[in-house]
Amino acid sequence: MLDAKKGEQQKILLERELEAVGIRLNKPRPRIYLKRKAGGGVKVNHTVPLTKCDEKLIMTVLHEYKIFNADVIFHDDYTIDDFIDVIQGSRVYIRCLYCYNKCDHLTIKAVDTLARQPHSVVISCELNLNIDYLIETIWDYLALIRVYLKKPGNAPDLGQEDGLILHNDSTIEQACHAIHRTLAANFRYYLNF
């Protein structure tokens with residue numbers, strides 16, 4: 001949650017602090033394969049041409065981390081910082097949604113500029129503007145779905161507060177376990193709407 005008037009400054013400061021502690025926002029995990037071996041030296045391969053680093057730099061970084069035997073495969077063109085993140089292995093890659101509040105204090109042009117930035121939503125809590133879109137976007141970012149349940153002989157509960165909240169790639173078995181641990185063993189069928 002950022003103040004719309006100071007949003008860019010706050011965003012830069014937060015990203016810098018999170019980057020320093022190993023949290024990478026809105027970046028995919030680098031597709032770099034690193035396998036340490038007992039012997040045989042270092043073998044560096046790449047499936048695409050490397051433009052942001054070269055094999056000599058990769059070897060230097062590996063020697064700095066006392067890795068003298070390893071297989072390294074770059075599946076995309078990454079920087080040396082991405083490679084260091086893979087070596088350290090303690091980096092966290094998460095999705096982030098920037099929510100700019102107090103948009104009612106800005107001009108329409110400034111609000112439009114903020115709203116068009118990637119991973120951004122502009123709201124006003126005071127005037128209750130765009131709150132529904134924020135909730136919908138949060139559900140999308142968290143990849144959640146609501147599963148409505150129906151007892152035999154009763155109508156389904158389709159209210160806003162009803163249903164079971166699951167990750168969008170959950171299975172029927174996981175939904176059964178969320179209700180009760182013995183339900184999956186007695187489960188017979190489901191209806192897909």
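In which handedness of crossing, left-handed or right-handed, does H2 pass H3? Let's find out in these close-ups of a predicted model.

**View 1. Helices H2 and H3 pack against each other.** The crossing of H2 past H3 is right-handed. H2 covers residues 55-64 and H3 covers residues 80-88; their axes lie 11 Å apart, at an angle of about 35 degrees. On the H2 side, look for Leu-57, Ile-58, Val-61 and Leu-62, which meet Ile-80, Phe-83, Ile-84 and Ile-87 of H3. Sorted by class, this contact has 8 nonpolar residues, with no polar and no charged ones.

**View 2. Asp-82 pairs with Lys-27 in a salt bridge.** Their closest N and O atoms are 3.5 Å apart. Asp-82 belongs to helix H3 and Lys-27 to the loop between strands E2 and E3, so this pair ties together parts that are 55 residues apart in sequence. Asp-82 is buried, at 11% relative accessible area, whereas Lys-27 is partly exposed, at 34%.

View 3. Glu-19 is partly exposed, at 39%.

**View 4. Lys-11 is buried but has no salt bridge.** This residue sits in helix H1, residues 7-20. Leaving aside residues up to four places away in sequence, Lys-11 touches Leu-2, Tyr-98, Tyr-100 and Gln-117.

Definitions and conventions:
Residues numbered from 1 in each chain as written. Predicted model: local features only at pLDDT ≥ 70, side-chain atom pairs only at ≥ 80, totals over all residues. Heavy atoms only, no water. Helix = DSSP H or I, 4+ residues; strand = E, 2+ residues; numbered from the N terminus. Buried < 20%, exposed > 50% of the residue type's maximum accessible area, 1.4 Å probe, protein only. Lys, Arg positive; Asp, Glu negative; His and termini not counted. Salt bridge = Lys/Arg side-chain N within 4 Å of Asp/Glu carboxyl O. Contact = heavy atoms within 4.5 Å. Axes fitted to C-alpha atoms, helices over the stretch in contact; angles between N-to-C directions. Left-handed = near helix turned anticlockwise from the far one by under 90°. Nonpolar A, V, L, I, M, F, W, Y, C, P; charged D, E, K, R; others polar.
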